[in-house]
Amino acid sequence: TVAADARGTHEGKSTTRGVRSCHRVRRRFLTVTPADPSRGGATTLSGEIWMRTALRVLFYLLAAEVLVQGMAIAFAIAGLGKWIDDGHSAIKALFDNDNADFGGKTGFMIHGINGMMAIPVLVLVLLIISFFAKVPGATKRAGILFGLVVLQVVLGLASHGAPILIVLHVLNAFAIFSMAALTAWRLGNALGAEPHVGAAVA
């Protein structure tokens, strides 16, 4: 009986030690260790937050650029239509002449510069920063957006020879806007909810 009691006491102590050990393991894995300034931890965390914020801003900028493109080409077409209604003629030589002055010219210029220069550079910078931001899914989405922008440029140029392609050009613009805006919104929510934990946009 004494031996049984001793054995039971020993087993009870072993169980208690096992439970305490499990609790220690859980605390170790569930506790977020504060960044150690002496090891550059705070600097690293601050840098990551800055990169994620920059990434979010770039996604929003890309979405805004799509809106600018739509407004610019709408203004260009409306201005050109008014110019024709006023009795002027629109021929190829008019558009080839850099000094020509007609309604909607500014809209065509903005649309061309934005689409051929500003947006491609913006999405390239976005793709590069996504590699350093350490946000799961961000590089994948930036890569998709980069491909969509390349397709947008190709469709825009090809539509001069095949006007039907302008339909795909417009639909692709909606795709770029939707993905860029939604990604920026998700990234903002993730960073706001868990500023010290890697946010995900996938």
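Modeller: Gladly! Let me begin with a term we will need: a contact means heavy atoms within 4.5 Å. With that in hand, among the contacts in the chain with a separation of 6 or more, 67% are between residues 24 or more positions apart. Please keep in mind that this is a predicted model.

Now for the overall layout. The chain has six helices and zero strands, so its pattern along the sequence reads α-α-α-α-α-α. Of its 202 residues, 28% are buried. The accessible surface of the chain is about 13000 Å², and carbon and sulfur atoms hold 69% of that.

Here is the part you asked about. L124, I128, F131, F132, F146, V150 and V154 make a nonpolar surface patch of about 660 Å². Two elements each give two or more residues to this patch: helix 4, spanning 105–133, and helix 5, spanning 138–158. The most comes from helix 4, which gives four residues.

V154 lies in helix 5. Is V154 buried, partly exposed or exposed? Its relative accessibility is 48%. Buried means under 20% and exposed means over 50%, with partly exposed in between, so V154 counts as partly exposed.

From the patch we can turn to the inside. Helix 4 and helix 5 also supply residues to the largest nonpolar core, a set of 25 residues. Within this core, the residues that touch the most other members are L55, F59, L62, L126, V135, L145 and I176. Helix 2 (41–85), helix 4, helix 5 and helix 6 (165–193) each supply at least two of the core residues.

Setting aside neighbours within four places in sequence, L62 is in contact with I119, L122, V123, L126, L145, I176 and A180. Among these partners, L126, L145 and I176 are also on the list of core residues that touch the most other members.

E48 sits in helix 2. E48 has a relative accessible area of 18%, and it is therefore buried. The C-alpha atom of E48 is 6.0 Å from that of A133, although 85 residues separate the two along the chain. A133 is the residue where helix 4 ends, which brings us back to the helix that gives the most to the patch.

Notes:
Residues numbered from 1 in each chain as written. Predicted model: local features only at pLDDT ≥ 70, side-chain atom pairs only at ≥ 80, totals over all residues. Heavy atoms only, no water. Patch = residues over 30% accessible without salt bridge, like charges linked within 9 Å, V, L, I, M, F, W, Y side chains within 5 Å. Areas by Shrake-Rupley, 256 points an atom, 1.4 Å probe, with all protein chains shown as cover. Salt bridge = Lys/Arg side-chain N within 4 Å of Asp/Glu carboxyl O. Buried < 20%, exposed > 50% of the residue type's maximum accessible area, 1.4 Å probe, protein only. Core = buried A, V, L, I, M, F, W, Y, C linked by side-chain atoms within 4.5 Å.
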